[in-house]
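Hi everyone, thanks for coming.

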Amino acid sequence: RRVEPLRSKHCRELGGVLVYRFDHYCPWVGNAIGAHNQRPFLALLAFHGVWLGRLNYSSAAAWSALWVSGALPPALLSAQNGAERGGGLGAVYWLTLGAAAGHFFVSSVVSALVAWQLAISCSDMLRNLTTNERINARRYAYMRCPTPGARRSPFDRGVVRNVLQFLGVSGYQVDWTTIYSVSDYEVQVGDAHSLSGYEVHVGDAAASTAEARHLSDR
């Protein structure tokens, strides 16, 4: 039996491609998020959060100005004045007002989705969790810890170290292609202690780290 590195997963949406430190598949970018693109993905969320915030502010300001002043931008004044002289109800004004309100509504919904994903991603980063582990923790032996009050993730090393590891800062980088057990992880990050209570082996509980590596090379 072939044993894959810890936290890795074959992504069904990508035709079974093995993704190291698999987090989730994102339909918006059309790719799986994992060890090699987790930082650009978080940066993308942060950028879009700022951009959408600015867009929402502009939409709200435009709608407020139209509603309070009852005036149109200079480019639309001639059409508005023509409608008023013809006895109309100012259709251009109301269409512009409705467009501004609709734009604000749509951008607000998208902003809420981006903010939700950004908050979850940051929370997982601080706890050294992946979306896949958070949702499917019971499926993975290494996530089972019967010890009351123990940390949920066996990879959690505190907020600061978790963030440095996620960002790939020199001295805190982890090669997830070579991690087949929690023990492997502890050795690579330089932890002398063991997280008692966790299942340390991937795949069959009887498989040793050496056996897992041997099977992986086949």
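Predicted model: local features only at pLDDT ≥ 70, side-chain atom pairs only at ≥ 80, totals over all residues.

**A look inside**

How much space lies in the largest cavity? About 120 Å³. In general, you find empty space like this by rolling a probe the size of a water molecule over the atoms.

And what lines the largest cavity? There are 14 lining residues, and Asp23, Ile33, Gln38, Ser121 and Phe166 are the ones nearest the centre. As for elements, α1 (38-69) and α3 each give two or more residues to that lining.

Let me pick out Ser121 from that group. Ser121 sits in helix α3, which runs over residues 91-127. Is Ser121 buried or exposed? Buried, because its relative accessible area is 14%, under the 20% cut-off. A polar atom of the Ser121 side chain lies 2.9 Å from the backbone oxygen of Gln117. Not counting residues up to four places away in sequence, Ser121 touches Phe41, Leu42 and Leu45.

Phe166, also on the list nearest the cavity centre, takes us to helix α5, residues 159-167. In α5, Asn162, Gln165 and Phe166 are buried. They cover an arc of only 100° around the axis, so they are on the same side of α5. That goes with a general point: an α-helix has 3.6 residues a turn, so residues three or four places apart point the same way. After α5 comes Gly168, with a positive phi near 75°.

Now, the nonpolar cores. The largest has 14 residues, and Tyr142, Trp176 and Tyr185 are the ones touching the most other members. Take Trp176: leaving aside neighbours within four places in sequence, its contacts include Pro5, Tyr20, Phe155, Gln165 and Tyr185.

Last stop, Cys11, in strand β1, residues 9-11. Cys11 counts as buried because its relative accessibility is 1%. Which residues does Cys11 contact, leaving aside neighbours within four places in sequence? Gly16, Val17, Val19, Phe22, Tyr25 and Ala32. And back to Ile33: Cys11 and Ile33 are 22 residues apart along the chain, with 9.9 Å between their C-alpha atoms.

Terms used:
Residues numbered from 1 in each chain as written. Heavy atoms only, no water. Helix = DSSP H or I, 4+ residues; strand = E, 2+ residues; numbered from the N terminus. Buried < 20%, exposed > 50% of the residue type's maximum accessible area, 1.4 Å probe, protein only. Polar contact = N/O pair within 3.5 Å; in protein donor to acceptor, adjacent residues only side chain to side chain. Contact = heavy atoms within 4.5 Å. Arc of directions from axis to C-beta. Core = buried A, V, L, I, M, F, W, Y, C linked by side-chain atoms within 4.5 Å. 1 Å grid on protein atoms, 1.4 Å probe; cavity = no way out; pocket = protein on both sides within 12 Å on 5 of 7 lines; lining within 4 Å. Points joined across faces, edges and corners; volume = space filled by probe spheres on them.
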